[in-house]
Amino acid sequence: MSLSVTPCSDRDLWDATVDRLGGHPQQLWGWGRTKADHGWSADRVLIAEDGVVIAAAQLVLKKLPVPLRSLAYVPRGPVTAEGRGVEVLGALAGYVRAAHRSVALSIEPDWDAGSDVVRSLAAAGWRQSDNTILIGRTLILDLSRSEDDLLADMSKKHRQYIRKSGREGLEVRRVQRSELADCLAVYRVTAERAGFGIHEDSYYLDIFDHLGDASPVYAAFQGADVVAFLWLSASASTSFELYGGMTDEGERLRANYALKWFAIQEMKGRGVVRYDFNGLLNDGVSKFKMGWAKHEDQLAGTWDLPLSRFYSVFSRALPLAKRGMQVARRQGARGVGLLRRVRRG
């Protein structure tokens with residue numbers, strides 16, 4: 001029997017379905033709403049067989065110039081019942097082709113790179129792409145393990161620094177909305193120091209508001225000052241690091257060690273079973289991440305299904321457009337930092 005694809009406009013039903021199917025927080029309603037408030041649009045569909053929902057896919061769509069029309073992108077999705085991935089993707093592609101006439105359907109699913117469904121993608125017409133948004137190489141902790149087992153799996157240095165930072169008199173806790181401005185000030189300093197671009201503050205505030213309890217922010221305080229923060233998103237089964245930053249004083253105090261261990265404990269206490277560090281590169285931040293366990297995880301990566309004869313044009317143009325946006329965002333972050341320094345002066 002063929003699968004049916006039906007748009008969903010009920011937030012409670014949507015999030016309950018994502019959680020029931022073990023979905024990723026990037027597939028929660030609030031994430032799509034945030035993207036829709038900042039240059040994208042969102043379309044959420046339930047995929048059923050004989051009236052039983054077996055999958056869900058939150059599509060975020062970016063409008064493109066004619067004749068490309070749009071890109072349909074599924075961040076860390078679709079969410080599917082076990083063993084149904086390939087046929088779900090076929091039904092989803094048919095829906096996108098008819099409803100949106102997109103140049104391509106791009107997915108970065110929360111599936112292991114060695115799984116049967118990923119090995120089947122190429123034969124089904126999908127093409128692996130270098131135009132990545134969410135990095136496939138990552139570290140995912142199994143929070144069903146005991147805290148003692150998680151500590152034992154860390155590097156000796158990480159265990160030492162967790163204890164050291166815990167003796168520094170820091171207050172580590174979840175922050176309130178009124179305290180986000182202090183966290184974002186730390187983020188701007190971090191971005192300027194490291195040379196990466198960030199969004200305007202309203203973007204992060206929308207994430208906090210739209211995801212609600214599914215997007216906790218934790219911080220380490222020295223007195224009244226935020227010296228480090230860590231921003232997560234979380235579904236019923238998976239937590240996912242979004243953003244973080246630290247001051248020079250926070251680095252001296254090793255605040256990020258106590259802070260991350262606190263966040264891991266909080267997620268474990270929620271009943272979340274997967275803690276995803278959101279990507280590993282060959283940099284200092286990734287070296288810090290890799291000390292939290294003795295393994296790495298490789299997810300599926302980025303896969304595109306061409307839906308238009310203009311796909312080759314799109315695939316060549318996208319890297320150039322992304323580099324331009326990254327440069328503009330970095331320059332914007334530096335400009336904001338300069339403006340703030342001038343105002344303070």
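# Reading a predicted model: a tutorial dialogue

Mentor: In this model, strands S2 and S3 run antiparallel to each other and pair over nine bridges. Please keep in mind throughout that the model is predicted.

Trainee: How should I read the side chains along a strand?

Mentor: In a regular strand, side chains alternate between the two faces of the sheet. As for the pairing in this structure, Val-45 has Ala-57 in S3 as its bridge partner.

Trainee: Which strand pairs with S1, and over how many bridges?

Mentor: Strand S1 (residues 4-7) pairs with S2 in the antiparallel sense, over four bridges. Within this pairing, Thr-6 stands opposite Leu-46 in S2.

Trainee: How many residues lie between S2 and S3 in their hairpin?

Mentor: The hairpin formed by S2 and S3 has two residues between the strands. Asp-50 is in the turn, and its phi is positive, about 55°.

Trainee: Is Asp-50 buried or exposed?

Mentor: Asp-50 counts as exposed because its relative accessibility is 62%, and the cut-off for exposed is over 50%.

Trainee: Where does Asn-278 lie, and what is its phi?

Mentor: Asn-278 lies in the loop between strand S14 (274-276) and H11. Its phi is positive, about 65°, although Asn-278 is not a glycine. With a relative accessibility of 21%, Asn-278 counts as partly exposed.

Trainee: How do I read the two sides of a helix?

Mentor: An α-helix has 3.6 residues a turn, so residues three or four places apart point the same way. Consider helix H6 (residues 156-166), whose buried residues are His-158, Tyr-161, Ile-162 and Ser-165. These residues lie on the same side of H6 because they cover an arc of only 110° around the axis.

Trainee: What covers the buried residues of H6?

Mentor: The cover includes helix H5 (147-152), H10 and helix H11 (284-290).

Trainee: How should I read a salt bridge, and how many does the structure hold?

Mentor: The general idea is a side-chain nitrogen of Lys or Arg within 4 Å of a carboxyl oxygen of Asp or Glu. The structure holds 17 salt bridges. One of them joins Glu-168 and Lys-164, with the closest N and O atoms 3.1 Å apart. Glu-168 is partly exposed, at a relative accessible area of 30%, and Lys-164 is partly exposed as well, at 28%.

Trainee: Which parts of the chain does the pair of Asp-213 and Arg-174 link?

Mentor: Asp-213 and Arg-174 form a salt bridge whose closest N and O atoms are 3.1 Å apart. The pair links distant parts of the chain, 39 residues apart: Asp-213 is in the loop between helix H8 (201-211) and strand S11 (217-222), and Arg-174 is in strand S10 (residues 171-174). Arg-174 is partly exposed, with a relative accessible area of 30%.

Trainee: Are Lys-260 and Glu-241 buried or exposed?

Mentor: Lys-260 and Glu-241 are both buried. Their side chains meet in a salt bridge of 2.6 Å, N to O. Lys-260 lies in helix H10 (residues 255-270) and Glu-241 in strand S13 (residues 238-246), so this pair ties together parts that are 19 residues apart in sequence.

Trainee: How many disulfides does the structure hold?

Mentor: A disulfide is a covalent bond between the sulfur atoms of two cysteines. The structure holds zero disulfides. As for individual cysteines, Cys-8 is buried, with a relative accessible area of 10%, and Cys-183 is buried, with a relative accessible area of 0%.

Key:
Residues are numbered from 1 along each chain as its sequence is written. This is a predicted model: local features need pLDDT of at least 70, side-chain atom pairs count only at pLDDT 80 or more; totals for chains, interfaces and linings use all residues. Side-chain values use heavy atoms; hydrogens and water are left out. Buried means under 20% relative accessible area, exposed over 50%, partly exposed in between (1.4 Å probe, protein chains only). A disulfide is a pair of cysteine sulfur atoms within 2.5 Å. The arc is that of the directions from the helix axis to the C-beta atoms. Contact means heavy atoms within 4.5 Å. Two strands pair if DSSP finds at least two bridges between them.
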